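Please look over the sequence and the structure shown here before reading on. The report that comes after them is a guided description for a reader who is new to protein structure.

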Amino acid sequence: MGRKKQINFEKNRRNPKVIEPGKDEFLSIRGKWNDTFFGNDSPIVLEIGCGRGEYTVGLAKRYPQVNFIGVDIKGSRLWKGASQALEENLNNVAFVRNKVENLQQQFAENEVSEIWITFPDPRPKERDEAKRLTSLRFLRLYSLMAHQQGLKAHLKTDDLGLYEYSLGLFRELNLQIEFFTDDLYRSTNAEELLNIQTTYEKRYLSINKPIKYIQFLIPAASVPHHPLFQQLDFPPIKRELKERKAFTG
Ligand SMILES: C[S@@+](CC[C@H](N)C(=O)[O-])C[C@H]1O[C@@H](n2cnc3c(N)ncnc32)[C@H](O)[C@@H]1O
């Protein structure tokens, strides 16, 4: 492991805002975020695959009455947002280093109000469909931690294939779609959609790639009659993703 990575991992280890394997809270915080971590009753918003956590930190500064938690498997990325939150004393911020697949280790039923999925890997190969963070498998996972009224969800992506795939799937599942656009910067003035830009978003904007956006609602798993939960043998989605990522890393 490189020296810089080692230093950043050490920063995560010392940073109380980072919940990661090896810390006591990693397996004890589930269902107790408001009582034991934030010490308030504010709603909890997750950024899924947060990278450096620009949405987590950016929204936390704008909305001090809401708690924001960034989730990513890569400590070498999330240390950035976590360090900023510590330096700026943002009491409504945390980061979890874990796979999204394992989110139930940290979040219980009824604990999360909103999620942001920011520039997820498109996973264009058909065999990787279940790894897309907007696939049926993940939608069901998010619903397991959703607040009773459901989860407000945002997808921001540069990838046309992932955008079309996600929109098609959400429609098939009868999810409520609040707003969608294949060119966000030409479609809205909403400050939090335009003025918080993630690392990947800045790269795509610098080469004039249109940013796509979908805002939708995921019902809580306690509403079992919803099509999201009924179609247990949901056929695999065979749509090819049309566009590949321009950047990796
Ligand atoms: C393309 S990057 C985008 C990062 C950031 N949201 C941005 O827009 O700059 C995708 C991120 O998702 C994370 N990621 C992908 N799949 C994941 C998974 N299953 N569990 C946890 N993190 C994941 C990666 O580690 C990476 O940081």
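This is a predicted model: local features need pLDDT of at least 70, side-chain atom pairs count only at pLDDT 80 or more; totals for chains, interfaces and linings use all residues.

Two of the pairings can be followed in detail. Strand E2 (residues 44-48) runs parallel to E3, with 5 bridges between them, and here valine 45 stands opposite phenylalanine 68 of E3. Strand E5 (residues 114-118) is likewise parallel to E6 and is joined to E6 by 5 bridges, with isoleucine 117 having leucine 155 of E6 as its bridge partner.

Is strand E6 mostly covered or mostly open? Strand E6, which comprises residues 151-157, is mostly covered, since 7 of its 7 residues are buried. In a regular strand the side chains alternate between the two faces of the sheet. In E6 both faces are covered, with Leu151, Ala153, Leu155 and Thr157 buried on one side and Lys152, His154 and Lys156 buried on the other.

**The nonpolar core**

The largest nonpolar core contains 52 residues, and the ones with the most contacts inside it are Ile69, Val112, Ile115 and Tyr142. Helix H5 (residues 136-145) contributes the most to this core, giving 5 residues. If its neighbours within four places in sequence are left aside, isoleucine 69 is in contact with Ile44, Leu46, Thr56, Ala94, Phe95 and Val96.

Helix H4 covers residues 75-87, and its 13 residues reach 18 Å from the first C-alpha to the last, which is close to the 18 Å expected at 1.5 Å a residue. An α-helix has 3.6 residues a turn, so residues three or four places apart point the same way. The buried residues of H4 are Arg77, Leu78, Trp79, Lys80, Gly81, Ala82, Ser83 and Ala85. What covers the buried residues of H4 includes helix H1 (3-14) and helix H3 (54-62), together with strands E1 (18-19), E3 (67-72) and E4 (93-97).

Helix H1 has 12 residues, which should span 16 Å at 1.5 Å a residue, and the 17 Å between its end C-alpha atoms agrees with this. How many of the residues of H1 are buried? The number is 1 of 12, and therefore H1 lies largely in the open.

**Around the ligand**

There are 18 residues around the ligand, and those that come nearest are Gly49, Gly51, Phe119, Thr198 and Tyr200. Helix H8 (residues 199-206) gives the most to this shell, with 3 residues. By kind, the residues of the shell divide into 6 nonpolar, 5 polar and 7 charged.

**Asparagines with a positive phi**

Most residues other than glycine have a negative phi, and most peptide bonds are trans.

| Residue | Phi |
|---|---|
| Asparagine 89 | about 55° |
| Asparagine 174 | about 60° |
| Asparagine 208 | near 60° |

**Two leucines**

Leucine 27, in the loop between E1 and helix H2 (33-38), is exposed, because 11 other C-beta atoms lie within 10 Å. This leucine 27 and glutamine 84 are 57 residues apart in sequence, and their C-alpha atoms are 25 Å apart in space.

Leucine 193 belongs to helix H7 (residues 191-194). Why is leucine 193 classed as partly exposed? It has 19 other C-beta atoms within 10 Å, while a residue needs 20 or more to be buried and 12 or fewer to be exposed. Apart from its neighbours within four places in sequence, leucine 193 is in contact with Leu184, Thr188 and Tyr213. Between the C-alpha atoms of leucine 193 and valine 96, which are 97 residues apart along the chain, the separation is 23 Å.

Note on methods
Residues are numbered from 1 along each chain as its sequence is written. A nonpolar core is a set of buried Ala, Val, Leu, Ile, Met, Phe, Trp, Tyr and Cys residues joined through C-beta atoms within 7 Å. Helices (H or I, at least four residues) and strands (E, at least two) are DSSP runs, numbered from the N terminus. Two residues are in contact if their C-beta atoms, placed from the backbone, lie within 7 Å. The expected span of a helix is 1.5 Å times one less than its number of residues. A residue is near a molecule or strand if its C-beta atom, placed from the backbone, lies within 6 Å of it. Ala, Val, Leu, Ile, Met, Phe, Trp, Tyr, Cys and Pro count as nonpolar, Asp, Glu, Lys and Arg as charged, and the others, Gly among them, as polar. Two strands pair if DSSP finds at least two bridges between them.
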